[in-house]
Amino acid sequence: MSSQVKIFSGTTSRAVAEKIAAAYGQPLGDLTIQRFADSEIGPSFNESVRGCEVFLIQSTFPPADNLMELMLMVDAAKRASAYKVNVVMPYMGYTRQDRKDKPRVSIGAKVVAEFIQSVGTSRLMTCDLHAGQIQGFFDIPVDHLDGSTITAPYIQSLNLENLIFASPDVGGVVRTRAFAKKFGAEIVVCDKMRLRANEIASMQVIGDVTGMNVVLVDDIVDTAGTICKAAELLMERGAASVRAVITHPVLSGPAHERIRNSALVELITTDTIPLREENEKIKVISVADLFARAIHNVVSHESISSLFI
C-alpha cells in the first residue's frame, strides 16, 4: 500500500507551490510558520503527516531565512513521524559557490548540501543547478530537472528564422550547447573579464551573429549586468534581435531597470523565484507542471529521466 502524499509550502514560494499542488491534483497542506519578535522561525503542521510521503516546497531567496525555515520544516515533519520528507527546491541558493576559485574561501554549495541532508531529508528535487556536478555533494537522491523542457517550446513557438544561441560567458557553453542542440542550431560565446563580482571589465563575441536572431542562454540572472552587456554587444556585432532565456530570476538591485533599458527584446524565465516587480520585457513560464510530473513519478516509482535529459 502506497503512502499518502502531502504537499506543503514555505513562506516565500507559496505562489509556485499552489500551482504545483494544483497540477498534482490536491490542495496544499495546512502549515503555520510562526515568527518570534527576534525573527526566530517556528513551523508547525496543523494536520497529521504520520506515515505520509511529504513534499516541502521552498526556494532559497534571499537564501538565509528561507533555507533555515525549510530545514526547520523538514525537522518538524520528521519528528511528526512522516514516512519520507522530500525537499522541493526550485531554486537552490549558494550554487555559484561550487568550488574554491581563490584561496581561503568556503564552498557554499557543499555547506548547503550538508545542511539539507543533516536534518533527515529523504531526497532533493531541484531545477537547473548552476553546475550539474553539485549533485555529487549529496548522498541522497537528487532529481535535477531541466528548465529547458518548458522554456524551449516557447522559443520554438516564436518561429524565429536565422536562429543562433549565445552563451553570456565561457562557463555557460555546455548549457548553451545543450539548449541549441534541441533546435539543431549553432552557438556563439560572449567572453567576459571581471575585475570583481557583479562588475564586468570587458567582453567580446566569439563567432558571427550578423543578421541572426540571437537567444542568450543562462541559468541565473542576478544584477543583469552580464546579460544586458552581452545583448548590447551582440546588436553592435550585427544581430537582428537578441532575447534571453534563463531559469532563475534573482534580479537583484538595478536588474529590472537594466533589463527595461537593454537591447533585449524579452527575457524569458520561470517562476522558481517570484518577480519583485512587474516588467513588460519579462515573460514568465511556470515550472508547476514540470515539478508536479516529477512528484507523481517519484511517488509512483516511475522514471523521471525525460524531465532532466
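A: Gladly; let's start with a contact between side chains. D222 and R96 form a salt bridge, with their closest N and O atoms 3.0 Å apart. Please keep in mind that this is a predicted model.

Q: Why is the contact between D222 and R96 called a salt bridge?
A: The label requires a side-chain nitrogen of Lys or Arg within 4 Å of a carboxyl oxygen of Asp or Glu. The closest N and O atoms of D222 and R96 are 3.0 Å apart, so the pair qualifies.

Q: What parts of the chain does this pair tie together?
A: D222 lies in the loop between β12 (220-221) and α6 (225-236), while R96 lies in the loop between β5 (84-89) and α3 (108-118). The pair therefore ties together parts that are 126 residues apart in sequence.

Q: Is D222 buried or exposed, and how do you know?
A: Buried means under 20% relative accessible area. D222 has 15% relative accessibility, so D222 counts as buried.

Q: How many salt bridges does the structure hold?
A: There are 17. Among them is the one between R79 and D75, whose closest N and O atoms are 2.7 Å apart.

Q: How are R79 and D75 placed in helix α2?
A: They are 4 residues apart in helix α2 (residues 63-79), which means a separation of about one helical turn. R79 counts as exposed because its 67% relative accessibility is over 50%. D75, at 26%, is partly exposed.

Q: What makes R243 and E266 a salt bridge, and where do they lie?
A: Their side chains meet at 3.2 Å, N to O, and this is within the 4 Å limit. R243 lies in strand β13 (residues 241-245) and E266 in the loop between α7 (255-260) and β15 (267-270), so the pair ties together parts that are 23 residues apart in sequence.

Q: How do you know whether R243 and E266 are buried or exposed?
A: R243 has a relative accessible area of 12%, under the 20% limit, so R243 is buried. E266 also has 12% relative accessibility and counts as buried.

Q: Which residues are linked in a network of salt bridges?
A: The network links E257, R260, R276, E277 and E280.

Q: What makes the pair F165 and F183 "tilted" rather than stacked?
A: Planes under 30 degrees apart count as stacked and those over 60 as edge-to-face, with the rest tilted. The planes of F165 and F183 are at 40°, so the pair is tilted; the centres are 5.1 Å apart, within the 6.5 Å limit. F165 lies in strand β8 (residues 163-167) and F183 in the loop between α5 (173-181) and β9 (187-196), so the pair ties together parts that are 18 residues apart in sequence.

Q: Why is the pair F179 and F183 called stacked?
A: Their ring centres are 6.0 Å apart and their planes are at 10°, under the 30 degrees limit, so the pair is stacked. F165, F179 and F183 form one aromatic cluster. F165 counts as buried at 0% relative accessibility, and F179 counts as buried at 6%.

Q: What makes a set of residues a nonpolar core, and which residues have the most contacts inside the largest one?
A: The residues must be buried, of a nonpolar kind, and joined through side-chain atoms within 4.5 Å. The largest nonpolar core has 37 residues, and those with the most contacts inside it are F55, M125, L145, F165 and F291. Helix α8 (residues 288-299) gives the largest share of this core, 7 residues. A second, separate core has 30 residues, including C52, M92, L124 and F137.

Q: Why are β2 and β3 called paired strands?
A: Pairing needs at least two bridges. Strand β2 (residues 31-35) and strand β3 (residues 41-45) have 5 bridges, in the antiparallel sense, so they pair. R35 stands opposite I41 in β3. The two strands form a hairpin with 5 residues between them, and S39 in the turn has a positive phi of about 80°.

How values were computed. Residues numbered from 1 in each chain as written. Predicted model: local features only at pLDDT ≥ 70, side-chain atom pairs only at ≥ 80, totals over all residues. Heavy atoms only, no water. Buried < 20%, exposed > 50% of the residue type's maximum accessible area, 1.4 Å probe, protein only.
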